[in-house]
Amino acid sequence: MSNKLEEVSILQSEKVLKDVEELRTLVASATRKRIQDILSQELRKLEIEVTQLQEAAVLKHSEQKPKPASSSIYTVNIRNYSWDQSDKFMKLYITLKNVQSLQKDAVTTTFGKRSVQVLVQELDGKNYQLNITNLAKNIKPDASYHKVKTDMLVLFLCKSEQQKWAGVTAEDVRASEARKPKVNSDDPNAGMMDLMKQMYDEGDDKMKQMLNKTWYESQQKTLKGGNDLENLDL
């Protein structure tokens, strides 16, 4: 239907153009001023009509062009990953379904002495990024790299020194240190009590029940030992 309308519009435009050309010939051949004015007015009307037909044709043509599909790609910040380490590398494992289907240049990594940035572009309509700026220890940027596996991206952070890391980031290390039991070197028994208190506070119901039983039995042994001493004095 649209093609037929377009053909009619083209034929109409050609017809009006022929009328314009003929009117121009008549204006040029007319000798009387009044006739020239009348013909000129009609010529002007037809010229305006031609312009309008041409503009309408251009507009209709542009409307018929297929519009590109709008794509809204947003970026997801990667917050969850698992990690492991060897003497030489700290390894981060990022789960990304279908990441192996991407082109090689869709996954980029940038390494600094204490930082790592990851950008995965257009994976199932989304971008993914990881940005760590406070690694627990220094790494060698030039020797660090990544590997794409099935549904997983693995980062290999080459350690500057071959030593064990307590965590991936400086915050991880501080949190790990805070979880360690505080031992009083002047009183070993106090350190043991602090450890048991920490285990009780952080443990589940089963752990608390076991600790209560252990404490009760310890108290009974202490009381029994005291009674034995009193009987011995007698």
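These legends walk through several close-up views of a predicted model. Residue numbers start from 1 along each chain as its sequence is written, and side-chain values use heavy atoms, leaving out hydrogens and water. Since this is a prediction, local features need pLDDT of at least 70 and side-chain atom pairs count only at pLDDT 80 or more, while totals for chains, interfaces and linings use all residues.

View 1. Helices (H or I, at least four residues) and strands (E, at least two) are DSSP runs, numbered from the N terminus. Of the 234 residues, 24% count as buried; buried means under 20% relative accessible area, exposed means over 50%, and partly exposed is in between (1.4 Å probe, protein chains only). A contact is a pair of heavy atoms within 4.5 Å. Take the contacts between residues at least 6 apart in sequence, and 56% of them join residues at least 24 apart.

**View 2. The largest nonpolar core has 25 residues.** A nonpolar core here is a set of buried Ala, Val, Leu, Ile, Met, Phe, Trp, Tyr and Cys residues joined through side-chain atoms within 4.5 Å. Val116, Val120, Leu155 and Leu157 have the most contacts inside this core. At least two core residues come from each of E3, E4 (107–111), E5, E6 (126–132) and E8. The largest share, 4 residues, is supplied by E5. Zoom in on Leu155 and, leaving aside residues up to four places away in sequence, its contacts include Met90, Leu92, Ile94, Val116, Val118, Leu130 and Tyr145.

**View 3. Phe89, Tyr145 and Phe156 are linked by ring pairs into a cluster.** Rings of Phe, Tyr and Trp (its six-membered ring) pair if their centres lie within 6.5 Å; planes under 30 degrees apart count as stacked, over 60 as edge-to-face, and the rest as tilted. That rule gives 3 aromatic pairs. One of them is Phe89 with Phe156, edge-to-face at 6.0 Å centre to centre and 90° between the planes. Phe89 sits in strand E3 (residues 89–95) and Phe156 in strand E8, so this pair ties together parts that are 67 residues apart in sequence. Phe89 and Phe156 are both buried. The Tyr145 and Phe156 rings have centres 4.7 Å apart and planes at 10°, so they count as stacked. Because Tyr145 lies in strand E7 (residues 145–149) and Phe156 in E8, this pair ties together parts that are 11 residues apart in sequence. How exposed is Tyr145? Tyr145 counts as partly exposed because its relative accessibility is 33%, while Phe156, at 11%, counts as buried.

**View 4. Lys159 is buried yet has no salt bridge.** Look for Lys159 in the loop between strand E8 (152–158) and helix H3 (170–179). Lys and Arg count as positive, Asp and Glu as negative, and His and the chain ends are not counted. Which side chain of opposite charge is nearest to Lys159? That is Asp87, 6.0 Å away. A salt bridge needs a side-chain nitrogen of Lys or Arg within 4 Å of a carboxyl oxygen of Asp or Glu. What Lys159 does have is a polar contact of 2.7 Å with the side chain of Gln85. Polar contacts are pairs of N or O atoms within 3.5 Å; within protein, one must be able to donate a hydrogen and the other to accept it, and residues adjacent in sequence count only if both atoms are side-chain atoms. Residues up to four places away in sequence aside, Lys159 also touches others, among them Ser86, Phe89, Met90, Asn138, Ile139 and Trp165.

**View 5. Arg174 and Glu171 form a salt bridge.** The structure holds 1 salt bridge. The closest N and O atoms of Arg174 and Glu171 are 3.6 Å apart. Both residues lie in helix H3, 3 residues apart, about one turn of the helix. Arg174 is exposed, with a relative accessible area of 53%, and Glu171 is partly exposed at 40%.

**View 6. Glu122 and Asp151 have positive phi values.** Glu122, not a glycine, has a phi of about 50° and is found in strand E5 (residues 116–123). At 54% relative accessibility, Glu122 counts as exposed. Asp151, also not a glycine, has phi near 60° and is placed in the loop between E7 and E8. Its relative accessibility of 29% makes Asp151 partly exposed.
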